[in-house]
Amino acid sequence: MFRAIITFLLIVFWGSSSAQSIAPDFSLKELSSDAVHQLKDYRGRVVYLDFWASWCGPCRQSLPALDKLQQEYSPQDFVVLAINLDEQNEDALAFLEQYPVSYTVLTEKTGKTQRAYELVGLPSSVLIDQRGEIIGMFQGFHPDHIRRIKKALSYLLE
């Protein structure tokens, strides 16, 4: 019952119709290494997937804001996973030199993950609970999103 109440509040608060669906799994390499990450490896933690590209103007605000947010929470409870969609890794790496982040940055070149999450623009983000269920999605970025994410995290990590 308690979980249903939290989910209801998050749906109302987040404004998403995608709640309660299982997040599609993926297997993606890190941008700067050959290490492979799968979403299922993060079960038990709240995950914030952030899809971005170097040419995305709002990403200049979102990446630093998400980095600060990640540093406020234990990576055992909450993790930001960025998925870069640039065609050339060099473009993403140059962007990250200007806007460095401490969280994991993955690369996606096939379009499969974007289609699985039905992305319509960048940046796009997905909040996933500890059970792997999608709680909500953001299109674009506004600094107020961080407040909303923190509010959702207070419920999910309770």
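Leu81 touches Phe26, Tyr42, Val47, Tyr48, Leu49, Asp50 and Thr104, leaving aside residues up to four places away in sequence. This briefing concerns a predicted model, in which Leu81 belongs to strand 5 (residues 78–84). Eight strands form an open sheet of mixed pairing, and helix 2 (residues 59–72) and helix 3 (residues 89–98) pack on the sheet.

**The sheet and its strands**

- The strands of the open sheet follow the order 1-8-7-4-5-6-2-3, and their pairing is mixed.
- At the edges stand strand 1 (21–22) and strand 3 (36–38), each of which pairs on one side only.
- Strand 2 (residues 27–30) pairs with strand 6 (residues 104–107) in the antiparallel sense, over two bridges.
- Lys29 has Thr107, in strand 6, as its bridge partner.

**Helices packed on the sheet**

- Helix 2 touches strand 4 (46–52) and strand 5, and its direction makes about 160° with that of strand 4.
- Helix 3 is in contact with strand 4, strand 5 and strand 6; the direction of helix 3 makes about 110° with that of strand 4.

**Helix 2 in detail**

- The 14 residues of helix 2 should span 20 Å at 1.5 Å a residue, and this agrees with the 20 Å between its end C-alpha atoms.
- Cys59, Ser62, Leu63, Leu66, Asp67, Leu69 and Gln70 are the buried residues of helix 2.
- Because these buried residues fall within an arc of 165° when seen down the helix axis, they line one face of helix 2.
- Lys68 and Gln71, on the other side of helix 2, are exposed.
- The partners against which the buried residues of helix 2 pack are strand 4, strand 5, helix 3 and helix 5 (144–156).

- The C-alpha atoms of Leu81 and Phe51 are separated by 8.6 Å, although the two residues are 30 residues apart along the chain.
- Among the residues that Leu81 touches are Tyr48, Leu49 and Asp50.

**Ser125 in strand 7**

- Ser125 is located in strand 7 (residues 124–128).
- With a relative accessible area of 2%, Ser125 is buried.
- A polar contact of 3.1 Å joins the side chain of Ser125 to the side chain of Tyr48.
- Not counting residues up to four places away in sequence, Ser125 touches Tyr48, Leu49, Asp50, Gly136, Met137 and Phe138.

Notes: Residues are numbered from 1 along each chain as its sequence is written. This is a predicted model: local features need pLDDT of at least 70, side-chain atom pairs count only at pLDDT 80 or more; totals for chains, interfaces and linings use all residues. Side-chain values use heavy atoms; hydrogens and water are left out. Helices (H or I, at least four residues) and strands (E, at least two) are DSSP runs, numbered from the N terminus. Contact means heavy atoms within 4.5 Å. Two strands pair if DSSP finds at least two bridges between them. Axes are lines fitted to C-alpha atoms, for helices over the stretch in contact, and angles run from 0 to 180 degrees between N-to-C directions. The expected span of a helix is 1.5 Å times one less than its number of residues. Buried means under 20% relative accessible area, exposed over 50%, partly exposed in between (1.4 Å probe, protein chains only). The arc is that of the directions from the helix axis to the C-beta atoms. A polar contact is a pair of N or O atoms within 3.5 Å; within protein, one must be able to donate a hydrogen and the other to accept it, and residues adjacent in sequence count only if both atoms are side-chain atoms.
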